[in-house]
Amino acid sequence: MRVYPTSDIRNVALAGHAHAGKTMLASAMLFASGATSRLLRTEDGATITDFDEEEISRKHSISTGIAAFEFSRKKINLLDTPGLNTFIHDARLCLPAADAMLIVVDGACGVQVQTEKAWDAAQEFHLPVVFVVTKLDHERTNFTAIVDSIRERFGRRCCSLESKEELVEMIAEDDDELMQEFFEQGHLSAEHLSSGLKKELIDRKVFPILGVSAYTDLGVRDLLNFITESLPCPTDRMALNPKGPPGVFVFKTLADAFAGRVSYFKVMSGSLRNDGHLMNARTHHDERFAHLSTPFGKQANEIPELATGDIGVVSKLKETLTGDSLSDKSKLQSWPAVPTHEPAMAFAIVAKTRNDEDRLSVAMHKVLEEDPTLRFYRDPHTKEFLLAGNSQQHIEAIVARLRKRYNVDVELRSPKIPYLETVRGMADVQGRHKKQSGGHGQFGDCKIKVEPLARGQHFEFHNATFGGSVPKQYVPAIEKGIQEAAAHGWLAGYPMVDFKVTLYDGSYHDVDSNEMSFKMAGRKAFKAAMELAKPALLEPIMKVETYTPVEYAGDLLGDFTSRRGRVSGMEVNAGTQMIRAMVPMAEMLSYQNDLTAMTQGRATFVMELDHYDYVPQPQAEKIIAAANHTQMSDED
């Protein structure tokens, strides 16, 4: 592929509801342009932009596929984004590389949930929008009805290119000179119509609607002509600097078994030549861009140079990840990364065999490079390894990827809730350890007071002895004994937190006392204190924000109540209701699936740990009973 100037580049994202026909439309565009020798069909698992094994087996996109091709001497970089809400995060990460969005609408189904979310994303990234109604060859398709539904949902500025008179009026009414021309002549010249339409598209004041049939090639070439003639080049809508030093923004990362780390980037400044060196603004590491290429699905076609605004791919950057900016070290530049929310759901992940366990860490490291919305960590309380993502389906797709790509088999299990224990009362007790078994004996004696601390204060130990009742060298052993006992809790085996211990008296033996004896005395004192200090269970409380169409708000409020949640705020913005609530983690494990069912997949949520609070007595009794049953089973 030749080197294209910025003015001849079109970066276009395909977005919309799952199964609306985005990937099939991409295949039809590649075939119509001559980039492929035949029409590759999604049902055959042979498309260019859906090449991952999991995408082929599931027959829907999981991550954004990119293909560069030429049409009418222009270069089109096509970004085929996933349509399922589960994987919408991948689409958002790639949208900074696009300069326009084609929102694909199923000609039989019309506007759907992800159609609306694609529209919202285009608004967020200020992308020009063109609606493409697909499947015009289907019997149930009614193009006029679909156009009406698009206009009803997104406004009168959405206009079919068949309605030329209305389109001309829209273009003219926003420009005094064009309005004058329209009044005087009753029409606009072809030149003014073309330039006026491009300006209205860039300003997001007109949203054309076109129709296609990917399988019969109906309207596909017209769409390609519209892309090359009317959609903006990168510098038409962004403040890029073609004459500046080279700089790139990395918007996507893949971990390839053969090529290693593969980085997709957009040139934001200057031009980038093969074997060029750029410095990472985050790590200050020098990276070499060897074998500079343009993407074509899983293939990469080498190219000597990329101009400002073009999209490229390079492998084996050592310290560069998604969201990083790289530029000439003489003038470091950076561009804002797309913010990612904390994962909404976590599952315990357990390797099936010892070999799987040995390979898991390396495989997960590669997976995390690809998907910055994932988290993989060990819970310090439950000791489980947790994999956190946007939904159960998201995590299940990662598990499938571990198995197929890295030969690592794991099981998903519901995570253990990281409960804690604390005290609600005070206690004044003695811990005495005495043992005689020939020769030197064991003797340690301490008196302590236990009292609660404010939430989040963890543990305090204060030595208030005097007169040498407990030698100073044995005081740390008492504290250690108490802390070791507290780590295993009292009620249900969970760590004891937020309590203060004051050591105020004790006794010792000149011969039989030692550190171990006082450590045992501390453990006994802790256990004695728990009998009196009113121990209680604490549970993690999550801060939840749910975004839903207004019509579902009432049901979701009732659902939060059923989950022992407390609603703390509500806001409405452009027809979307945001509900903020505090809900126990234990009640949120099934929320993703339940929310999808309650709102037909139209709502989303984010959550994060906010604080710990007391478990109500009915729930606490069940947790303690379950813990005791597990302990008895382990002993058997």
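Which elements do the buried residues of α15 pack against? Here are a few friendly notes to read beside the structure.

1. First, some ground rules. This is a predicted model, where local features need pLDDT of at least 70, side-chain atom pairs count only at pLDDT 80 or more, and totals for chains, interfaces and linings use all residues. Residues are numbered from 1 along each chain as its sequence is written, and side-chain values use heavy atoms, with hydrogens and water left out.

2. Now look at helix α15, residues 553-562, where Ala553, Leu556, Asp559 and Phe560 are buried. These residues sit on the same side of α15, because they cover an arc of only 120 degrees around the axis (taken from the directions from the helix axis to the C-beta atoms). Buried means under 20% relative accessible area, exposed over 50%, and partly exposed in between, with a 1.4 Å probe and protein chains only. Helices (H or I, at least four residues) and strands (E, at least two) are DSSP runs, numbered from the N terminus.

3. Back to the opening question: the buried residues of α15 pack against β27 (535-549), β28 (566-573), β29 (576-584) and α16 (591-599); contact means heavy atoms within 4.5 Å. On the face turned away from that buried side you will find the exposed residues Gly554, Asp555, Thr561 and Ser562. After α15 comes Arg564, with a positive phi near 65 degrees.

4. Lys435 is partly exposed, at 45% relative accessibility. Leaving aside residues up to four places away in sequence, Lys435 touches Gly441 and Gln442.
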